[in-house]
Each structure stands twice: as structure tokens, then as C-alpha cells.
Amino acid sequence: MSYETLNAKVLELKDDMIASIQQNMRIESVRGESAPGAPYGEGPKAALDDVLALGEKLGFRTGQADNRVGWIEYGEGEEMVGILGHVDVVPAGDGWTHPAFGAEIHDGVLWGRGCLDDKGPVIMAVYALKAIRDLNLPIDRRIRVLFGSDEECGSSCVKYYVENGYEMPTIGFTPDAQFPAIFCEKGTSNFLAGTKIYNKGEIDVEYFGGGVAANVVPPVCKLIVNGPLKVTPEEGITVTEENGKTIVEATGFSAHGSTPELGVNAVVKLLNAVKENDFGGDFQQLVNFILEEIGNETNGKSLDILYQDEETGETTVNLGVVKYDGEEMSFTLDIRYPKNGDAEVIDDKVINRINSYNFDVLKKTNNKLLYVPKDSELVSKLVKVYEAQTGDKREPIAIGGGTYAKEFPNMVAFGPVFPGEPDVIHQPNERVAVEQLIRAAQVTAAAMYELAKK
């Protein structure tokens with residue numbers, strides 16, 4: 001099928017689309033302290049309001065669910081196609097070539113948090129909706145672009161939407177992963193574990209910490225002790241001695257928590273460099289747990305939770321955020337398992353291991369596995385649209401990343417990243433070529449149109 005007219009209309013909207021994306025990207029919509037009318041903080045609320053204002057400016061129907069989820073809608077009919085994204089982002093972290101919230105374009109490349117995850121895709125879906133409307137393309141289902149504001153911290157926004165009886169899509173996708181289509185998202189078990197400090201041990205640890213989010217491989221880590229410390233020299237490890245303190249810093253390489261094998265965990269790296277010391281006390285328990293149960297593994301083998309499935313991959317484990325301040329200590333684990341994994345078994349084993357090192361599980365969340373057969377109407381339509389738009393024939397894929405698609409029935413992830421492109425989501429220097437973003441918008445528009453036809 002040819003989409004030349006639709007593609008041309010999307011291209012015609014390019015300048016306005018990119019300007020709207022840049023405007024939203026400049027809002028630092030990292031989750032903050034709850035406030036009246038802003039359940040996830042002022043940043044996410046501002047980003048949500050900005051997209052709603054865009055929808056109103058473009059002449060669409062708009063609505064919102066208690067400042068948690070907004071939507072922009074076009075068309076008539078009882079059934080609804082849902083395009084679901086989010087406007088909150090993970091923290092910037094360090095190591096940016098261009099400002100994380102500057103939304104600058106250099107040599108045709110848009111730099112900054114949210115260009116791909118997920119502000120760019122949300123706003124390009126709004127303009128794809130405008131293209132469909134402006135061309136007066138015949139559709140049988142309404143199309144609703146939905147955008148939440150707490151996806152990065154557990155998707156409570158969409159859970160609120162579902163639990164409070166807002167309208168559910170009949171069919172749809174979330175532009176928050178990659179092409180050609182995602183037929184499976186691994187199940188997840190997430191843990192926050194920790195304890196108060198009762199025994200400070202032999203070495204006076206003043207501070208230890210690393211990580212920016214539970215679902216990001218920690219790019220940096222720091223340890224401060226009072227007095228001397230043995231440190232094994234290694235690339236990426238720096239040692240500073242000042243005012244009677246030893247400061248050890250580690251530099252790793254960030255990656256999304258669903259693909260920890262692509263990163264270098266700075267927390268693990270630092271502890272490997274100081275493991276010859278006998279810290280004693282509660283801090284030693286933290287060192288032992290991390291090095292004995294996780295170490296340089298990313299597949300959960302030492303935790304005895306390694307599952308492998310030919311179709312949907314293997315278990316992954318990410319140690320995301322670690323904190324020790326002399327009063328309390330804590331760490332997070334982000335665990336993702338394939339189709340043959342057993343969530344109850346995984347949870348039991350992990351809890352038992354955590355408890356055996358004298359830590360408590362402070363919080364646990366689970367997200368079910370998403371699996372939509374490759375030959376389903378939804379997946380097959382999306383794959384056909386991708387092939388028609390690109391000439392690239394590919395099979396749908398399984399991923400470790402979890403998207404909003406899990407929150408709605410009959411929904412999968414679709415785009416915006418094309419095969420072969422580098423994984424920069426959740427990393428410093430998140431970026432996308434403008435032309436690639438426009439191409440993704442064209443594919444998205446065609447998919448929206450096809451799903452809106454019964």
C-alpha cells in the first residue's frame with residue numbers, strides 16, 4: 001500500500017512539529033514532589049499542560065484525568081484507537097555534549113532528554129493526527145493520542161486512568177520502543193531493599209552512592225571514607241586524599257535497565273576496586289551482597305533466577321541506585337524475565353537472598369509479561385505498515401523494556417527507533433536525527449490510519 005499523500009502531509013508539518021517537540025523538551029519533567037494539581041511535581045504537570053495546549057491550538061478535542069494523563073482526540077465512532085506515550089523523563093545525569101534540556105539541533109541532530117523517550121514520539125503522533133484530519137482520510141474508529149506523566153517511575157498515571165474508569169482503547173500502540181513492532185515485553189520484578197545502620201564496622205564509611213534511576217545502569221559512583229583505603233588501580237577509578245578522607249570515584253557506562261549488558265555498572269566497578277578492604281559491619285553486608293549475588297553478571301545466574309527462552313530472550317538484572325549515608329542504606333534491583341519465567345519463584349528467591357544479608361525488602365512492584373502473538377491482527381497490521389513504508393521486511397521482536405502497552409489490552413509497542421540505530425534512551429546524549437524523527441512520524445501516521453479502519 002502506498003502512503004505518498006500522507007507522507008507528504010507529514011513532511012509539510014515538519015517545522016511546526018520539531019518546534020513543538022523542542023518546546024516540550026525544554027521542560028525538565030523529571031518526577032518531583034507532589035503539589036496541588038501536580039501529583040508528580042511541577043515539571044511533569046507543565047509538560048502535560050504543554051501538549052494539551054498544543055492539541056487545543058490545533059483544534060482537537062482534549063481531556064485529562066486529574067493531571068495524570070492527558071489526551072487529544074479526533075474522529076467519530078464507538079471504538080477508539082489509542083496511541084499511548086509519556087511526557088515525563090528520567091533525570092539527565094552527567095556526560096552530555098549539549099545541554100540535556102536545551103533541545104538543541106546540531107548538524108541535523110536533535111539533542112536532549114525526551115527526544116526519543118517519549119516527548120518526540122508523543123508530539124509526532126499529535127501531528128500525525130493532524131495530517132489524517134487535514135487530508136480527511138476515511139476512518140471508522142476515533143483516534144486518541146494519550147500521554148501520561150509518570151511512566152518512568154512506575155506508570156501510576158495510566159493505572160489511575162484504568163482504575164478510575166476512563167475509556168479504554170479498542171486497539172492501539174505505544175511509540176516508545178522500536179520498529180518493526182514489539183510482540184513481547186518481559187515481565188518485571190522491581191525491588192527496593194535496605195536497612196538502618198546499626199554497626200558501622202572497622203572502616204568509617206561516610207558516604208557511598210551511585211545511580212540515577214532504578215531502570216538505568218549507574219554511570220558513576222562515589223565512596224568517601226575517613227582514613228586510608230586500599231584501592232586496586234583500574235581504568236575509570238580515581239582516588240583523592242584530602243582532609244584525612246579517601247575519596248574513590250568510578251566511571252562506568254550507562255545503559256537502559258532492560259539491557260544492562262550494554263553498560264558498565266559503576267557501583268560494581270567501584271566495589272571491585274576496594275573489595276580487598278575489610279569494612280566490617282553493615283556496609284560489608286552491602287559489599288558482599290552486590291559482589292556475590294550480582295557482580296559483573298547481568299542475567300541473574302548467581303541469584304538462581306536465570307531463565308532462557310529462544311523466542312523471548314533471557315533474564316536480566318540491573319542494580320540501579322545504591323545509597324549509604326551512615327544512617328541508612330538501600331539499593332534497587334530491576335529484574336526482567338522472558339515468557340518461561342515464573343514471577344512468584346523469582347520473587348521468593350530474590351527476597352530470600354536479600355534477607356540472608358540482613359536487608360529488608362522496603363518495596364516490591366511487579367509488571368506482568370506482555371505477549372501478543374505475531375499473527376494477531378494488531379501485530380500483523382503494524383508489521384505490514386512498517387514494511388510498506390520502509391521496504392524493510394522484518395519479524396516482530398521481543399524486548400526487555402517495559403512500556404505502557406502493558407497497561408491496556410490489545411496494545412503493543414511500535415517505534416520510534418529504527419533497526420540498527422544506537423540505543424541512546426536513558427543515556428547521556430539522548431539524540432535523534434531530525435529526518436529520522438520525521439520518517440518515524442510518517443510510519444506512525446500510516447499505522448494510526450490503518451488501525452482506525454475496521
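Is Cys 184 buried or exposed? Cys 184 is buried, at 0% relative accessibility; buried means under 20% relative accessible area, exposed over 50%, and partly exposed in between, with a 1.4 Å probe and protein chains only.

This is a predicted model, in which local features need pLDDT of at least 70, side-chain atom pairs count only at pLDDT 80 or more, and totals for chains, interfaces and linings use all residues. Residues are numbered from 1 along each chain as its sequence is written, and side-chain values use heavy atoms, with hydrogens and water left out.

1. Cysteines. A disulfide is a covalent bond between the sulfur atoms of two cysteines. The cut-off used here is a pair of cysteine sulfur atoms within 2.5 Å. Searching the whole structure gives zero disulfides. Cys 157 is in no disulfide, and the nearest cysteine sulfur belongs to Cys 153, 9.7 Å away. Cys 157 is also buried, with a relative accessible area of 0%.

2. Asp 118, position and charge. Asp 118 sits in the loop between strand E5 (109–111) and helix H4 (119–134). Helices (H or I, at least four residues) and strands (E, at least two) are DSSP runs, numbered from the N terminus. Asp 118 is buried yet has no salt bridge, a salt bridge being a side-chain nitrogen of Lys or Arg within 4 Å of a carboxyl oxygen of Asp or Glu. The nearest side chain of opposite charge is that of Lys 119, 11 Å away. In this count Lys and Arg are positive and Asp and Glu negative, while His and the chain ends are not counted.

3. Asp 118, surroundings. A polar atom of the Asp 118 side chain lies 3.1 Å from the backbone nitrogen of His 86. With neighbours within four places in sequence set aside, Asp 118 is in contact (heavy atoms within 4.5 Å) with Gly 85, His 86, Pro 175 and Asp 176.

4. Strands E1 (61–65) and E2 (69–74) pair in the antiparallel sense over five bridges; two strands pair if DSSP finds at least two bridges between them. Gly 63 stands opposite Trp 71 in E2. The two strands form a hairpin with three residues between them.

5. Backbone angles in that turn. Most residues other than glycine have a negative phi, and most peptide bonds are trans. Asp 66, in the turn, has a positive phi of about 50 degrees, and Asp 66 is partly exposed at 37% relative accessibility. Asn 67 lies in the loop between E1 and E2 as well; Asn 67 is not a glycine either, and has a positive phi of about 65 degrees.

6. Cis peptide bonds. The bond from Phe 179 to Pro 180 is cis, with omega near 10 degrees. Pro 180 is placed in the loop between strand E8 (177–178) and strand E9 (182–185). The bond from Gly 415 to Pro 416 is also cis, with omega near 5 degrees, and Pro 416 belongs to strand E23 (residues 416–417).

7. Ile 203. This residue is in the loop between strand E10 (187–196) and strand E11 (204–210). Ile 203 is buried, with a relative accessible area of 15%. Apart from neighbours within four places in sequence, Ile 203 is in contact with Val 225, Leu 229, Asn 277, Asp 278 and Phe 279. The C-alpha atoms of Ile 203 and Pro 228 are 9.0 Å apart, and the two residues are separated by 25 residues along the chain.

Notes. A polar contact is a pair of N or O atoms within 3.5 Å; within protein, one must be able to donate a hydrogen and the other to accept it, and residues adjacent in sequence count only if both atoms are side-chain atoms.
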